[in-house]
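Colleague: I have the file open and a few questions. Can you walk me through how the pieces pack?
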Amino acid sequence: MKNLLGGKGANLAEMIHIGLPVPPGFTVTTEACTRYYSEGEKIAEDILQQTFDVLGDLERETGKTLGSPGNPLLVSVRSGAPVSMPGMMDTILNLGLNDETVEGLARSTGDRRFAYDCYRRFIQMFGNVVLNIEHGRFEDIINDIKRRRSFTSDTELSAEDWQEVIKSYKDLVMKHTGREFPQDPREQLVMAMEAVFRSWNNHRAIVYRKINKIPDELGTAVNVQVMVFGNMGEDSGTGVAFTRNPSTGEKEIYGEFLINAQGEDVVAGIRTPRNIKELAALMPDVYRQLTAVSDLLEKHYKDMQDIEFTVEKGKLYLLQTRNGKRTAAAAVKIAVDMVKEGLISKEEAVLRVSPEHVVSLLHRRIDSEARMEVIAKGLPASPGAAWGHVVFDPDEAETLGQQGRKVILVRTETTPDDIHGIVMAQGVLTSRGGMTSHAAVVARGMGKPCVCGCDTISIDYEKGEFKTGDLVVKKGDVISIDGSTGNVILGKVPMIDPDLSSEFRELLEWADEFRVLSVRANADTPEDARIARDFGAEGIGLCRTEHMFMGQDRLPVVQEMIMAETKEEREKALAKLLAFQRRDFEGILEAMRDLPVTIRLLDPPLHEFLPDAEELIQEIAEFKAKGDAENLKKKQEILKRVRALSEFNPMLGLRGCRLGILYPEIYEMQVRAIFMAACSLAKRGIRVHPEVEIPLVSNANELKQLRELVESTAAQVMNDEGIKVEYSIGTMIEIPRACITADELAHFADFFSFGTNDLTQTTYGFSRDDAEAKFLPYYINRKILTEDPFIVLDRRGVGHLMKTAVNLGRGVKENLTIGICGEHGGEPSSVEFCHEIGLDYVSCSPYRVPIARLAAAQAALKSEQNS
């Protein structure tokens, strides 16, 4: 019932059901939240009445009464969305305290210091969450009294000190709001519930939902729960425990705790906590109970759990459990280990690891051979490594990140309000907080490196710098962080590509058992082809021959070919290129031996290989000034050719198959190179499968004419070489007309490959570069478009055309091979769509091959579940 009760409420009910020690309470459902917004941000009277009715039940169960001076009931008020959003919404503890009930709490516990500590915490949290008073204003008051008393820790403050703090807090509330701090506990409860509902739409929650694609209409539940106190002395405490290590996946209890503290002290990073394993010596019975509870919860939920707990006077209470956030490496290890432990099936393991999460497994790490100047060391809170310019402000991090600058966000500690800066930063460094602090949890969830609790750095926000020892690092200076070791390094350090763990390779082998789609890679060099093969690619789905023309040794020859004024001159230049192309194709075909390699003939317009007109004009002016007649004439001829080739809209101009039809000698040279390379390898006993791809076809006659060119050239080469090679000829489908006339094209094609980058541009009428620079972000922010169609395949528009092409093409040739080679080939949602419409393969960049393999398996398993 998570959609109704929220994740927290549902899990609390579940824990009570299996007999675990959970403080009693009740849940106000997500429906109440949606009504709150639909009825003008007001809690309906019938919901308030139900709340007070069930509050009466809670009072009878506990024998305590909300607002009673003699035996007061105190409660926590927490949010709980249907989808876990850790730290995004608000919590209030110790609700029910006022000037009278605080004395009742002091008498019933026999501890005045504890009672007034609870009261000041309540005012502070209520003041921040409900009354919108900045958290730091309250901390300033505490820091002031500690300075006057020469104290270093909050725990040194006496009951009288806390009373002085409370008086200052109340003055702050009066000054900020113009009214006294509310003394009626029922009024406090209603105001707190409203604040939790409001927090569903605070800035950080909206940003988090947007990043994680959580629907805005779900709403949050409110959980009202009897307080248990971790700040009642040295036999009390609070903490967070994971049933397995969320960074590595090792099967061991992992977490942190604080003695004589309340839960917010741990997660907010206000005090630096202790390792959970130390609890075994301090409270052995509690540690044994916690270990037993961890095992029970894992077996019940069949997943790694993130548990919040409080110990009150030696008694353990569980305040929450949820599926724990984890790194990609941990997610893979946990899934594989749980299969081996008999907790879950292989299918469940494959479905459990998010393809987006796997991206971080492919991140780079610091080269162990690199010389590094380590300037500080903190806690290794989220693995991976990154470098960037130091930024102290999350707004600035967001701005610079959007401009493409690499930044490291450096904070004393992060709060949920910093999430927009964390999103755009390469990594996060904090001077306080532990490995379950906000910064650590959020960074791990995003797959970003994070170093926490680096207490040797001293941050000065006003000066825009931090100090570590005698070293001063200023805003804009470059640092590197290693989230796997906790090292903070001065400057940019060299990084290397990751190795895939044995568990990850095993998980991908399981994925291969379930997936229907084949996975290929887009690769233009033998090195890329080898990497792709190592990552499990089953062929090359796109080899872009134009990339081979850009090398410094061959670009002058390409320019010579373009500048040629006669066919004979052009063929002379092409003869020089033939040797380059043959070597290129031989290397790629050999690297992918036994597997298909789709080679796209030249696609971009010719002017892309020539200098920019503005640069040429500048050079011509300089040669004129110098009187250099020879170079002047040469540059003027090139400028003349550049202007002759200039087009108003080159994306829709003389490119692709149109080049091959106007200048068939170009395509003929490329085809000759392909088959010379293939025949050479075949003579050495290496099996090859070249697939020649004609780009930008919109008319069956284009494909018919160019197929004939390929066939005649291939036959001539194989005849000359005295050996036959199997091959196929197909086309890239990247224009709407090709989709709706796919039955005509199929007569001349052995395969189709969707080029969804251009198909998206031509379907939407968007120029990708202009759209992304000018208006696409605005469209997405205003929800005119829900996703960037160049990242996530547009199923209703582009997808509809693809389905049409598949149906028409296979209506002519039942076994027509059809794949996709645009960037969508490695995006999980797009891979799922490709499975649904019956494609044979997806092709993506080499480093996304593992993601595509996993996404393809998940698509097949989900399809099977839904059938």
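Colleague: Which strands does helix α8 lie across?
Modeller: Helix α8 (residues 185–199) lies across β1, β2, β3 and β4, and runs at about 15° to β2. Before more numbers: this is a predicted model, where local features need pLDDT of at least 70 and side-chain atom pairs count only at pLDDT 80 or more, while totals for chains, interfaces and linings use all residues. Residues are numbered from 1 along each chain as its sequence is written, and side-chain values use heavy atoms, with hydrogens and water left out.
Colleague: Where do the element names and angles come from?
Modeller: Helices (H or I, at least four residues) and strands (E, at least two) are DSSP runs numbered from the N terminus. Axes are lines fitted to C-alpha atoms, for helices over the stretch in contact, and angles run from 0 to 180 degrees between N-to-C directions.
Colleague: What is the strand order in that open sheet?
Modeller: The order of the four strands is β1-β4-β2-β3, with antiparallel pairing; two strands pair if DSSP finds at least two bridges between them. β1 (25–28) and β3 (91–95) are the edge strands, each pairing on one side only. From one strand to the next, the twist averages 15°.
Colleague: How many bridges link β2 and β3?
Modeller: Three bridges, in the antiparallel sense, with β2 covering residues 75–80. R78 stands opposite T91 in β3. Helix α3 (residues 45–62) also packs on the sheet, touching β1 and β4 (221–226), and its direction makes about 170° with that of β1.
Colleague: Back to α8. At what angle do α2 and α8 cross?
Modeller: Roughly 85°, with the axes of α2 (residues 30–38) and α8 coming within 10 Å. The two helices are therefore roughly perpendicular (65 to 115 degrees) to each other. A32, C33, Y36 and Y37 of α2 make the contact with E194, F197 and R198 of α8, contact meaning heavy atoms within 4.5 Å.
Colleague: How do those residues divide by class?
Modeller: Five are nonpolar, none polar and two charged. Ala, Val, Leu, Ile, Met, Phe, Trp, Tyr, Cys and Pro count as nonpolar, Asp, Glu, Lys and Arg as charged, and the others, Gly among them, as polar.
Colleague: Next pair: how do α13 and α19 cross?
Modeller: The axes of α13 (residues 328–340) and α19 (residues 502–514) come within 9 Å and cross at roughly 65°. α13 and α19 are therefore roughly perpendicular to each other. The crossing is left-handed, meaning that the near helix is turned anticlockwise from the far one by less than a right angle.
Colleague: Which residues meet there?
Modeller: V332, K333, V336, V339 and K340 in α13 meet E503, F504, E506, L507 and W510 in α19. By class, this contact has six nonpolar, no polar and four charged residues.
Colleague: Changing topic, what order do the barrel strands take?
Modeller: Eight strands close into the barrel as β23-β24-β25-β26-β27-β28-β29-β30, with parallel pairing. Neighbouring strands are turned by 25° against each other on average, direction ignored. Four bridges join β26 (residues 689–694) to β27 (residues 728–733), and V692 has I729 as its bridge partner in β27.
Colleague: Which helix lies across β25 and β26?
Modeller: Helix α26 (residues 664–683), running at about 175° to β26.
Colleague: Last one: what does the side chain of K635 join?
Modeller: K635, in helix α24 (residues 629–645), has a side-chain polar contact of 3.2 Å with E619. A polar contact is a pair of N or O atoms within 3.5 Å; within protein, one must be able to donate a hydrogen and the other to accept it, and residues adjacent in sequence count only if both atoms are side-chain atoms. Leaving aside neighbours within four places in sequence, K635 is in contact with L616, E619, I620 and F623.

Definitions and conventions. Parallel < 35°, antiparallel > 145°, perpendicular 65-115°, else oblique.
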